[in-house]
Amino acid sequence: MKKLESYINGKWVAGSGDGMVMHDAVTGEVIGHSTTDGLDIPEVLQYGRTKGGEILRKMTFQERGNMLKTLALFLTKRKEEFYELSYRSGATRIDSWIDIEGGFGNLFANASLRKLFPNQSYHVEGDPIDLSRGGRFMAHHILVPKRGVAVHINAFNFPIWGMLEKCATNWMAGVPAVVLPAPQTAYLTEAVVRVIIDSGILPEGALQLLSGMTKSILDTVSSQDVVTFTGSAHTGRILKAHPRLIEESVPFTMEADSLNASVLGKDAVPGTPEFDLFIKEVRKEMTVKSGQKCTAIRRIIVPATLVEDVQIALGQQLDKVTIGDPRLKEVRMGALASKKQVESFRNNVTEIAKTAQLVYGDLDKIETIGADAQKGAFVSPILLREDEPFKNTNVHEIEAFGPVSTIMPYDTLEDAITLSQMGKGSLVSSIFTYDDKIARDYIVGAASHHGRILVGNRENAKQSTGHGSPLPLLTHGGPGRAGGGEEMGGMRGIKHFMQRCAIQGTPTTLTEVTGIYQANSKYKVSEKHPFSYHWEDIEPGMSIKTHKRTVTDTDIINFGNLTWDHFYAHTDITSLEGSIFEKRTAHGYFILAAAAGLFVYPNKGPVAANYGLEECRFLRPIYHNDTVYVRLTCKQKVDRDHRGKELPSGIVKWFVEVFDQEDELAAIATILTMVQKKSPFIQVDRSNIEGYLAKLAEDTKPKWGILSPQHMVEHIEKTIRIGSGEIQDFEIATPEKYLEKVQEMVYNHKPMPKGHQHPLMKEGELEELMHPDLTAAKLKLIEALNEFEVYFKENPNAITKNAVFGEMNKFEWDLLNVKHLNHHFEQFGLFD
């Protein structure tokens, strides 16, 4: 019998003893067992704090985000092997998709949040605060990674999603994780963790796994740790009261089972799209994951006049639900996670049914397809009806974690709101209505008791993610019974694992701390125009003062004629009485345009484009014959992913200050430019290639691959001759549907992969040499380069094809040649 292993302290180890036995939910057979007995839990936590924490804390948000994206892509390629294991938990293909690919999707979504954070290891929050009239003493807020570990205690229903939706946020924050999955489905969590560890994408110590019950996990947590819990409200309350959490003030987030409600609006009568959507949504939430979702609809709140209609329609929908082996395509609902879960489900349904009427399903009878109902953990969907929901409160207090829901009537919308609130706090509620006033009144009335509210109607039906789908960019959690916590929620979820700190000092000091130029900070006078620097060489505070320009009447009149902006202050000086203006006034946007004319660097350089305007304020009028000048200062740098057929670049925010002839500040703006990054490749071309080739001898050994020095030189020569059109008798090997994406690789700054099989070369074999020796081959390469330049000088618009990248122009060939030469010169150590 297989024993699950834990990944701790950099290795896979098994606990002692037998621990808890795991069963196949469909067949009842024993899968294995899990235990953490004998493992040193305090050592595990300390290992994460030091080994994993030290590396993650030093990484920038961009590095962490790209790490998550790489991991998500890697796991997606391996997803099918997880589906087979997931079936053993009783989950159908759709159920498993939510857990598996939903979990990977969380990695993707949180990775994208890197664009909202600065290109550094900590975050700067909000706007600066001036603490003095002169602006020489100020404050700001920063958030730094906590120096502990994130301890995740997870539920059994989503063994993959439950882990990754939490870990994605703590990794983005720069904090390592220790994951404690529920034993019933821990085998699936272990399988995913093995693949993650084997990938080598995460730094060592960033993820540790404890496979089995661990009652002492909270005994040694510290104030720098963060604990999250998903599971029953009862267990959550016990954990929340742990003395160690109280003594150390350890942040604790609980996402507990809740009695979520869905409301049918009074306008959504039978025959309307909203009625049909409501019935389908309730049926889906009852049966997806066999109802084992913390967001499932447990209470169906409908107008009293429509109770019978809803009951009949739901019964018809539930009749279509086939139950059995989740591997079978015809099966729509699988099994509960375990026999123990079946027992708990039946007991809780029985309690609710003491006052509510069972109107669909049977606790004792079940028909299954392709599976033995007695051996597996199968139950029938159960629909109850509680006619007196204000009097009988079991339905608002007892959750049967499975395919069960209860219909209850309401008379007024206020009644519906009250019934939703009687669940004492829920993760999610929904209302189906086409009346936006009903939707507004319900949301405002019910929001205090819910973490999320969805409005469903005919207009969003095709795009809606549904009642029960938590999304990475939205908060997931709820008040009261639901635990009082928040998971995910975009940047909010990441900040939960960081420490907010108010910082105070001079603007100059805070500029250095935040990486954002603060007004009144000392300028860093630039030796050259800032627009002449690449992105890496620009730093906040880098500044220039421009020459001056006098604004004339003619400037104002011409700008008005050009833009059709004939506001009276610019055109009718007889109408200025009672206004804030004294003379003919320049257009605000003319001042901004004139400022750009003063600070823009005219020569071609690293600044690729104007990227936009973030803020603009006109502080005092500029009149005709006033003279202005500009102070241009780098405010902030924001990293940017490479995309499409453009050179890699970042965004630079520039603080623009416009002063008048009295040195009074007249306008401010923050403009954004796209600035190209430095190429990491050594520029190799006709001017210096002979010097590098001189280092290459017949006996020079490659660092990788099977090429000899002469084979390498002749390979480069052939590529050059392909570029100049001399060799074109081949087909493009890359399929057309992938070609555009592959062509982007010419523009990026990633080195060529080692050991890549070129489509025009024989796999595993050396090509027949073309020249008598290495010296002759070098001369032929130089000749090919000369002919390449001549060809494109005579044919500047020529397009020639490449076997991998398709049709390319001269600019693209130059990019590829530099990258290609760097690849092979590095291969033979010519740059050493």
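Biologist: Where does Thr-189 sit?

Modeller: Thr-189 is in helix α6, which covers residues 186-199. Keep in mind that this is a predicted model.

Biologist: Buried or exposed, that Thr-189?

Modeller: Buried, because its relative accessibility is 1%, and the cut-off for buried is under 20%.

Biologist: What does Thr-189 touch, leaving out residues up to four places away in sequence?

Modeller: Pro-159, Met-163, Pro-181 and Leu-209.

Biologist: And how do α3 and α6 cross?

Modeller: Helix α3 is residues 79-87, and its axis comes within 9 Å of the α6 axis, with a crossing of roughly 165 degrees. Angles over 145 degrees count as roughly antiparallel, so that is what α3 and α6 are to each other. The crossing of these two is right-handed.

Biologist: Which residues meet there, between α3 and α6?

Modeller: From α3 you have Glu-81, Phe-82, Leu-85 and Ser-86, and they meet Tyr-187, Leu-188, Ala-191, Val-192 and Val-195 of α6. By class, the contact of α3 with α6 divides into seven nonpolar residues, one polar and one charged.

Biologist: OK, another helix pair. At what angle do α9 and α10 cross?

Modeller: Roughly 55 degrees, with the axes of α9 (residues 273-287) and α10 (residues 307-319) coming within 10 Å.

Biologist: What hand does the crossing of α9 and α10 have?

Modeller: Right-handed. On the α9 side, the contact is made by Phe-275, Phe-278, Ile-279, Lys-280, Val-282, Arg-283, Met-286 and Thr-287. On the α10 side, Asp-309, Val-310, Ala-313, Leu-314, Gln-317 and Leu-318 take part.

Biologist: How does the contact of α9 with α10 split by class?

Modeller: Nine nonpolar, two polar and three charged residues.

Biologist: Let's zoom out. How many helices and strands does the chain have?

Modeller: 24 helices and 31 strands. The chain has 832 residues, and 54% of them count as buried. Its C-alpha atoms fill a box of roughly 90 × 90 × 55 Å along the principal axes. For contacts between residues at least 6 apart in sequence, 75% join residues at least 24 apart.

Biologist: What domains does UniProt list?

Modeller: An unreviewed entry gives "domain: Aldehyde dehydrogenase" for residues 12-499. There is also "domain: MaoC-like", again from an unreviewed entry, for residues 540-642.

Biologist: What do those spans look like in the model?

Modeller: Residues 12-499 are 36% helix and 18% strand, and the end C-alpha atoms lie 32 Å apart. For residues 540-642, the figures are 26% helix and 29% strand, with the end C-alpha atoms 22 Å apart.

Biologist: Where are Lys-424 and Trp-564?

Modeller: Lys-424 sits in the loop between α13 (413-421) and β18 (429-432). Trp-564 is in the loop between α17 (553-563) and α18 (568-571). Lys-424 counts as exposed because its relative accessibility is 53%, and Trp-564 counts as exposed at 74%.

Biologist: Now a buried loop residue. What puts Ser-724 in that class?

Modeller: Its relative accessibility is 8%, so Ser-724 counts as buried. The loop in question runs between α21 (709-723) and α22 (736-747). Not counting residues up to four places away in sequence, Ser-724 touches Phe-788, Tyr-791, Phe-792 and Thr-800.

Biologist: Last one: where is Leu-474?

Modeller: In the loop between β19 (453-456) and β20 (475-476). Leu-474 is partly exposed, with a relative accessible area of 41%. Leaving aside neighbours within four places in sequence, Leu-474 is in contact with Arg-452, Glu-487, Met-488, Gly-489 and Gly-490.

Note on methods: Residues are numbered from 1 along each chain as its sequence is written. This is a predicted model: local features need pLDDT of at least 70, side-chain atom pairs count only at pLDDT 80 or more; totals for chains, interfaces and linings use all residues. Side-chain values use heavy atoms; hydrogens and water are left out. Axes are lines fitted to C-alpha atoms, for helices over the stretch in contact, and angles run from 0 to 180 degrees between N-to-C directions. Helices (H or I, at least four residues) and strands (E, at least two) are DSSP runs, numbered from the N terminus. A crossing is left-handed if the near helix is turned anticlockwise from the far one by less than a right angle, and right-handed if clockwise. Contact means heavy atoms within 4.5 Å. Ala, Val, Leu, Ile, Met, Phe, Trp, Tyr, Cys and Pro count as nonpolar, Asp, Glu, Lys and Arg as charged, and the others, Gly among them, as polar. UniProt positions are given in the numbering used here, feature names are shortened, and annotations may be inferred rather than shown by experiment. Buried means under 20% relative accessible area, exposed over 50%, partly exposed in between (1.4 Å probe, protein chains only). Angles under 35 degrees count as roughly parallel, over 145 as roughly antiparallel, 65 to 115 as roughly perpendicular and the rest as oblique.
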